[in-house]
Amino acid sequence: MTAAPAGPVVDRAVLVVAVVALVAVLLVLAVALLSGRWWQRRAAAGRAQRVAPGRPLLVALAAGDDDDGTLLDRLATLPRAQWRALEPVAVAMLGKVRGDARTALVALLERRGVVQRALRDARHRRSTTRARAAHLLGLVGGPGATPRLAALLGDRDPEVRAVTARSLGRLGDPSAATPLVRALVRARPLPHQVVVPALARIGPASRTALLAAADHHDPTVRARVIEALGLVGAVDTAPRLVRALGEDPAVDVRLRAARALGRLGAPSAVGPLLAATGPDEPTALRVTAAQALGVLGARRAIPVLAGLVADPHHWVAHTAAAALVAVGPDGAAALRGLADAAPGGGADRPASAHAREALAAAPGAAAA
Amino acid sequence: MAMVLVADDDPDIRDVVVFKLQQSGHDVLVAEDGGEALSLARRALPDLAVLDVMMPRFTGLDVCRELRADPETAGIPVILLTARAQEGDIESGFAWGADDYVTKPFSPRELDSRVRAVLARRR
């Protein structure tokens with residue numbers, strides 16, 4: 001008879017201790033969670049209590065009901081504890097109203113020293129405080145706000161830089177254009193989606209600042225600037241973009257110029273974009289140029305795009321077919337001609353397949 | 001004096017609009033979302049509705065469409081309050097039968113004038 005293999009020996013006492021410890025930990029966590037919630041509710045109730053006396057005054061001020069300045073005086077002299085609770089409400093309201101209402105709220109924040117504090121807090125060691133200061137300065141504006149915000153564009157914290165860019169866009173001060181462009185092209189750049197809306201709100205000064213950076217020696221910088229010109233919607237910069245598309249030594253810059261020209265929709269871009277689809281050009285550029293011609297809706301490009309549908313390079317042919325659909329009814333008609341040319345096979349088979357695929361992806365075009 | 005329905009999920013905006021309209025002598029009904037706005041409008045048949053476009057449950061556009069679809073409420077003028085001053089929103093608003101729109105950030109004084117103008121046109 002053979003003995004059964006011995007299983008792992010578990011000390012019963014150790015098991016009991018482990019279970020008790022686990023239960024204790026769970027209890028501590030539950031107590032911590034409940035007391036945390038209780039504390040939050042208590043703090044919120046306390047805040048609401050402190051806000052309550054001043055909020056109706058603030059609402060009346062924001063509604064523009066303070067012709068004699070009485071409300072402003074009363075709010076400016078509220079006890080500090082009440083004001084501390086009310087201040088975030090006043091700041092939030094500032095972003096929601098304009099006209100007299102906004103002017104009254106700014107006057108209140110100035111009387112309470114909030115604006116001066118924000119100018120100081122822009123240099124605070126805590127990044128959340130700096131970000132809050134940048135947000136407030138963007139809402140209030142006034143003397144000193146733009147230079148202080150421009151300095152914050154170089155902040156070590158990316159969140160602070162992003163808040164600052166948005167604030168500068170909100171202020172729309174032309175003098176912020178150059179610092180914003182610098183933030184777009186430096187070694188640790190701010191993303192386009194943060195900087196471009198700010199530049200777009202600033203307007204013509206942004207174009208000047210972007211154009212000044214468009215001849216930078218570094219192709220990465222040129223590429224970012226060229227892309228921003230398209231995103232900002234600076235139609236009058238189309239000649240500079242056409243030059244970048246035709247002459248820039250860096251393919252990435254040419255590619256972004258093609259994309260920007262498509263976005264801008266400048267008719268003068270059609271010829272240069274057609275040239276960029278030529279067989280000697282880099283494939284990525286040919287594809288982007290074909291796409292841009294579709295975005296432009298250039299009917300003049302139809303014969304060239306139709307020819308490209310038979311291009312030996314799959315990516316080029318596929319994009320040209322999709323671009324024909326984007327051009328509109330005439331482009332779709334050209335595609336239908338290609339699709340019908342060789343339905344069953346033959347030398348034109350790839351072109352026909354690309355055409356049918358593009359038409360299938362746009363049912364309206366297929367049925368037209 | 002008219003009865004105006006104000007619907008906005010943002011308490012700050014709601015309170016400012018309500019204050020301004022009450023100050024101008026209107027009776028104001030208040031809703032915190034689109035669903036509440038719709039039921040209040042059906043029940044009280046206000047003279048005008050100021051609706052925020054972006055509200056939970058029903059947007060201002062949904063409420064506007066529902067009001068227009070019901071013969072009882074089809075005649076209530078609507079002013080849309082929208083944070084998005086984009087053509088698409090404005091076009092959709094007018095397509096659903098809105099009478100006017102005000103973009104945020106808004107001027108309470110301007111909103112008050114628009115309310116008066118729309119009410120005057122309907123009388």
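B:Leu45 is located in the loop that joins α2 and β3 of chain B, where helices (H or I, at least four residues) and strands (E, at least two) are DSSP runs numbered from the N terminus. This is a predicted model, in which local features need pLDDT of at least 70 and side-chain atom pairs count only at pLDDT 80 or more, while totals for chains, interfaces and linings use all residues. Residues are numbered from 1 along each chain as its sequence is written, and chains are lettered from A and ligands numbered from 1 in the order in which they are written.

**Backbone features of chain B**

- Although B:Leu45 is not a glycine, its phi is positive, at about 45 degrees.
- B:Leu45 is partly exposed, having 13 other C-beta atoms within 10 Å; a residue is buried if 20 or more other C-beta atoms lie within 10 Å of its own, exposed if 12 or fewer, and partly exposed in between, with C-beta atoms placed from the backbone.
- B:Arg57, also a residue other than glycine, has a positive phi near 65 degrees.
- The loop between β3 and α3 (60–69) of chain B holds B:Arg57, which is partly exposed with 14 other C-beta atoms within 10 Å.
- A cis peptide bond, with omega near -5 degrees, links B:Lys104 to B:Pro105.
- B:Pro105 belongs to the loop between β5 and α5 (108–122) of chain B.

**The sheet of chain B**

- Five strands of chain B form an open sheet in the order β2-β1-β3-β4-β5, with parallel pairing; two strands pair if DSSP finds at least two bridges between them.
- Strands β2 (27–31) and β5 (100–103) of chain B are at the edges and have a single partner strand each, so one side of each lacks a neighbour in the sheet.
- From one strand to the next, the twist averages 20 degrees.
- Four bridges join strand β1 (residues 3–7) of chain B to strand β3 (residues 48–52) of chain B in the parallel sense.
- B:Val4 has B:Leu48 as its bridge partner in β3(B).
- Helix α2 (residues 34–44) of chain B packs on the sheet and touches β1, β2 and β3 of chain B, its direction making about 165 degrees with that of β1(B). Axes are lines fitted to C-alpha atoms, for helices over the stretch in contact, and angles run from 0 to 180 degrees between N-to-C directions.

**B:Asp27**

- B:Asp27 lies in strand β2 of chain B and counts as partly exposed, with 14 C-beta neighbours inside 10 Å.
- Apart from neighbours within four places in sequence, B:Asp27 is in contact with B:Met1 and B:Met3; contact requires that the C-beta atoms of two residues, placed from the backbone, lie within 7 Å.
- A distance of 18 Å separates the C-alpha atoms of B:Asp27 and B:Asp52, which are 25 residues apart along the chain.

**Helix packing in chain A**

- The axes of α2(A) and α4(A) are 11 Å apart, and the two helices pack at an angle of about 20 degrees.
- That makes α2(A) roughly parallel to α4(A), as angles under 35 degrees count as roughly parallel, over 145 as roughly antiparallel, 65 to 115 as roughly perpendicular and the rest as oblique.
- The contact involves A:Arg55, A:Leu58 and A:Ala62 of α2(A), together with A:Leu86, A:Val89, A:Ala90 and A:Met93 of α4(A).

**Contact between the chains**

- On chain A, 16 residues are in contact with 14 residues of chain B.
- Helices α2 (55–62), α4 (80–94) and α5 (100–111) of chain A each contribute at least two residues to the side of chain A that touches chain B.
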